[in-house]
Amino acid sequence: MNSTDLDVSIRPQLPNRKDFRIGCIGSGFIMRDCHLVAYRDAGFNPAAIASRTFENAKAAAEQRGIAKVYAAWEELINDPEIEILDIAIPPDKQLEVVKKAVKQKHIQGILCQKPLAMNSREASEIVRLCEEAGIKLGVNSNMRYDQSIRALKALLDRGDLGLPVLATIEMRAIPHWQDFLHQYENVEILNMGIHHIDTFRYLFGNPLKITAVARRDPRTTFRHIDGISQYSFQYANELLATSLDDVWAWPGEGTEKDIYIKWRVVGLDGLAQGTIGWPSYPERQPSTIEYTTKTSPNKWHRPTWDEVWFPDAFQGTMAQLLRAVETDSEPEISGRDNLLTMAVVDGCYKSIAEGRTILFEEVASSFN
Ligand SMILES: NC(=O)C1=CN([C@@H]2O[C@H](COP(=O)(O)OP(=O)(O)OC[C@H]3O[C@@H](n4cnc5c(N)ncnc54)[C@H](OP(=O)(O)O)[C@@H]3O)[C@@H](O)[C@H]2O)C=CC1
Ligand SMILES: O=C1CO[C@H](CO)[C@@H](O)[C@@H]1O
């Protein structure tokens, strides 16, 4: 990367102790091909794995060099050697795992996948259980560790863009809806848009007002409310942040593809824009940023890096949990903070259902 100060801020701060013994639950795409690859590269220590299907856990253990494989996640949780739990199974199963895990004294930290649960009630139950047990809870909202988003955050924090006026995300990409989602009606905003919503919160804090619209996606054959979604947030300082999540994006064979995710933030004193690289996976396509500010007038800055969201951003989400355990502090992407992201998700669905703008306070008051 050719801009030294941003270089520091886009990379995760690693814990001093890297060999915390991590117990991994799940062996699907995200655990096998992203978490475990990122942990190996960071020097972390995945010590055991379990999945629903033993053969899948065994195959992932062999492929990624994990010493212990358990036939069931309950056995892994009981292993007194395990200090940290890393969960990547369907969101509607996370509460069940957490309920058992909080009874084990040897577990000091839990990293849950996004969404924390399929609804806010279960998500807050997860947070309550971990807080009562004194276990650090982190959430894998890894768009906060996308390298372009971290660079943008650094620019905003040092005021280079001035007061933000308008922030946009434009996603023209086709996420993979896993089988476990087919039984639910809330699809896009809860499972993909949640990254954009959490990122807006990371960059700008909580909105005042939430307005969302959605239509069904012709490609998604199971029943769903939100295929193509657009949600807009208004802030106390008049900032408007909006995301268009176009999961249709490509009409199919016979048409050319134009798949991308772009973002842009315009402030009173500067402009930053970029792309998110994950839609090109398995090709390693780094996210990008370019910015221009009045503080160094009449030019574009274009720092670059080699890291990518899948898998490198998963180093950051585990690192923030391990640092919290190590220093007895709240994780940067904590379960409690994530309840407010869940509240904004609720606000979007409420806005769609009721055809009106929702005040953040209407959906967040029970979590504050
Ligand atoms: N942060 C991010 O960028 C991303 C996060 N995710 C999240 O990761 C999680 C897993 O997604 P992904 O890996 O893509 O999904 P996969 O479908 O590839 O894997 C699902 C995993 O969950 C296990 N599983 C399925 N059903 C059950 C069940 N009833 N009880 C216990 N375990 C079960 C499967 O076990 P087995 O195969 O052994 O039967 C498998 O290991 C989801 O929460 C998803 O939202 C996903 C993609 C990106
Ligand atoms: O979190 C996510 C990020 O991107 C993926 C793209 O396939 C999604 O499926 C996923 O749930």
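The model is predicted: local features require pLDDT of at least 70 and side-chain atom pairs count only at pLDDT 80 or more, whereas totals for chains, interfaces and linings use all residues. Residues are numbered from 1 along each chain as its sequence is written, while chains are lettered from A and ligands numbered from 1 in the order in which they are written. The domain assignment divides the chain into domain 1 (11-142 + 315-331) and domain 2 (146-309 + 342-362), with bounds taken from an automatic or database domain assignment. Both domains give residues to the shell around ligand 1, so ligand 1 lies between them.

**Domains and annotations**

- The centres of domain 1 and domain 2, taken over C-alpha atoms, are 26 Å apart.
- Nine residues from domain 1 and eleven residues from domain 2 form the contact, where two residues are in contact if their C-beta atoms, placed from the backbone, lie within 7 Å.
- On the side of domain 1 that touches domain 2, five residues are nonpolar, three polar and one charged; Ala, Val, Leu, Ile, Met, Phe, Trp, Tyr, Cys and Pro count as nonpolar, Asp, Glu, Lys and Arg as charged, and the others, Gly among them, as polar.
- According to an unreviewed UniProt entry, residues 20-140 carry the annotation "domain: Gfo/Idh/MocA-like oxidoreductase N-terminal"; UniProt positions are given in the numbering used here, feature names are shortened, and annotations may be inferred rather than shown by experiment.
- Residues 20-140 are 44% helix and 21% strand, and their end C-alpha atoms lie 18 Å apart; helices (H or I, at least four residues) and strands (E, at least two) are DSSP runs, numbered from the N terminus.
- Residues 149-268 are 22% helix and 32% strand, with 19 Å between the end C-alpha atoms.

**Ligand surroundings**

- Ligand 1 is surrounded by 22 residues, of which the closest are Gly28, Ile30, Ser51, Arg52 and Thr53; a residue is near a molecule or strand if its C-beta atom, placed from the backbone, lies within 6 Å of it.
- Helix 2 (residues 29-42) supplies three residues, the largest share of the shell around ligand 1.
- By class, the shell around ligand 1 holds eight nonpolar, eleven polar and three charged residues.
- Around ligand 2 are Pro175, His176, Asn191, Met192, His195 and Trp278, which divide into three nonpolar, three polar and no charged residues.

**Packing of helix 2 and helix 9**

- Helix 2 packs against helix 9 (residues 313-327) at an angle of about 75 degrees, with the axes 8 Å apart; axes are lines fitted to C-alpha atoms, for helices over the stretch in contact, and angles run from 0 to 180 degrees between N-to-C directions.
- That angle makes helix 2 roughly perpendicular to helix 9, a term that covers 65 to 115 degrees.
- Helix 2 contributes Cys34, His35, Ala38, Tyr39, Asp41 and Ala42 to the contact, and helix 9 contributes Phe314, Gln315, Met318 and Ala319.
- This contact of helix 2 with helix 9 comprises seven nonpolar, two polar and one charged residues.

**Backbone features**

- Most residues other than glycine have a negative phi, and most peptide bonds are trans.
- Lys114 and Pro115 are joined by a cis peptide bond with omega of about -20 degrees, and Pro115 lies in the loop between strand 5 (109-112) and helix 6 (120-133).
- A cis peptide bond also runs from Tyr281 to Pro282, with omega near 10 degrees; Pro282 is in the loop between strand 12 (270-275) and strand 13 (288-293).
- Ala249, although not a glycine, has a positive phi of about 55 degrees and is found in the loop between strand 10 (240-246) and strand 11 (260-267).

Methods. Parallel < 35°, antiparallel > 145°, perpendicular 65-115°, else oblique.
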